[in-house]
Amino acid sequence: MVKIAQDIYWTGYIDWNLRSFHGYSTPQGSTYNAYLILDEKPALIDTVKHYGFDEMLLRIKEIIEPGKIKYIISNHTELDHSGSIAKLLACCPDAEVVCSPKGEEGLKKHFLAASKNWQFKVVNSGDTLKIGKHDLKFFLMPMVHWPDSMATYSASDSILFPNDAFGQHYASAERFADEVGMDIVIKEAKKYYANIVMPYGGQVQKALEALKDVKIDVISPSHGLIWRRKEDIEKIITLYKKWSSYESEKSVVIVYDTMWHSTESLAIKLYELIDRENIPVKLFNLQNTHISDIIAEVISARVVAAGSPVLNNKILPTMGAFLTYLKGLKPKNRYGFTFGSYGWAKIAFKELEDSLKEAGMELIGDGSYVNYVPTAEDLDNLNGVVLKIKNLL
Ligand code: FEO
């Protein structure tokens with residue numbers, strides 16, 4: 001139980017042992033943040049994943065008899081936040097579930113028969129719920145990052161509860177970003193944005209526009225640490241503006257996998273030549289780096305070079321998985337380059353090229369494809385690609 005402001009408490013669950021959030025690697029774990037507002041009609045903003053319910057309930061009991069809760073505000077249907085609603089309603093059966101119109105649809109579809117007797121209070125953007133001293137205002141944020149997503153704003157404390165937006169997968173005993181260190185929190189917030197929010201830049205910009213005149217003293221997201229210092233709030237909002245506009249930096253990410261080190265030779269040579277031009281560059285072998293960590297670098301890079309050998313007339317499965325992920329996240333305004341080694345058929349490279357194009361990238365000329373092992377001349381030919389990259393940046 002941690003006090004966020006007068007009569008507002010964090011009552012969430014710290015998931016220290018989480019290492020994968022449906023495929024997003026979470027080496028630092030995560031938290032599911034629930035917030036209890038004490039007032040004439042107490043309200044809980046979001047719940048936690050189902051297995052964190054007991055801990056959340058203990059935290060609530062330290063503050064209030066759970067049966068007194070009158071509103072459970074569901075900012076987002078995804079089960080990491082709604083997964084304990086049913087169990088909590090067993091403790092406070094008269095409570096209303098406050099959510100967006102899409103939230104009601106989503107909750108009914110997730111909880112099926114269990115939700116039949118739930119009392120829903122559906123809200124829209126601009127609606128206000130008076131719970132006593134606190135007026136809670138709602139901002140619908142469709143597709144940031146689900147159709148149902150919304151933010152709740154406590155006007156009397158200037159606290160924004162934006163659910164997944166501004167969050168980070170980071171477990172810690174501390175609750176505030178400034179207690180952990182901004183470098184760490186920003187790194188995790190960037191990885192979170194890149195992996196969860198990146199496809200929805202336009203919708204993020206609409207949400208930021210809707211909130212631009214709202215006084216915000218604290219941002220309390222549903223994952224990770226709370227932003228409370230003025231400069232930290234400005235910093236994360238500025239970064240969200242940048243990321244949502246798909247701005248990139250003059251840098252290159254090289255991603256590859258290899259069978260007999262031929263594709264790796266090309267990747268390393270490319271890396272050396274780019275580095276020699278003093279262009280920031282990072283090199284990732286898919287065998288050693290998780291795709292969610294690579295995406296956290298792709299969000300900054302203007303050029304993505306992807307390399308694979310041919311296996312059974314296809315690219316390697318690791319590269320296939322990376323490209324599938326990349327196509328879904330669609331980083332805009334980027335350039336792509338392809339390379340790889342083949343034995344007797346080059347058809348697989350078309351998949352590499354098409355995938356980068358489908359991910360929204362413009363290809364930098366023809367790919368560099370070598371038969372079996374790259375010769376000194378093959379490696380030297382990469383100079384031409386590097387010159388093109390240099391001219392583009
Ligand atoms: Fe943290 Fe979209 O759930």
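**Core and pocket**

Let's begin inside the protein, where the largest nonpolar core has 93 residues. Leu88, Trp227, Ile236, Tyr240, Met319, Phe322 and Leu326 have the most contacts inside this core. Such a core is a set of buried Ala, Val, Leu, Ile, Met, Phe, Trp, Tyr and Cys residues joined through side-chain atoms within 4.5 Å, with buried meaning under 20% relative accessible area (1.4 Å probe, protein chains only). Helix H6 gives the most to this core, nine residues; helices here are DSSP runs (H or I, at least four residues), as are strands (E, at least two). At least three core residues come from each of domain 1 (2-244) and domain 2 (252-392). Apart from this core lies another, of 24 residues, including Tyr35, Ala43, Tyr71 and Val218.

The model is predicted: local features need pLDDT of at least 70 and side-chain atom pairs pLDDT 80 or more, while totals for chains, interfaces and linings use all residues. Residues are numbered from 1 along each chain, and side-chain values use heavy atoms, without hydrogens and water.

Now turn to the largest pocket, which holds about 440 Å³ of space. A pocket is an open set of points on a 1 Å grid where a 1.4 Å probe fits, with protein on both sides within 12 Å along at least five of seven lines; its lining residues have an atom within 4 Å of a point. Of the 21 lining residues, Lys187, Lys190, Lys282, Ala296 and Glu297 lie nearest the centre. Two or more come from each of H6 (182-197), E17 (249-256), E18 (281-285) and H10 (291-298), and H6 gives the most, seven. Each of domain 1 and domain 2 supplies at least three lining residues.

Key:
Grid points are joined across faces, edges and corners, and a volume is the space filled by probe spheres set on the points. Domain bounds come from an automatic or database domain assignment. Buried means under 20% relative accessible area, exposed over 50%, partly exposed in between (1.4 Å probe, protein chains only).
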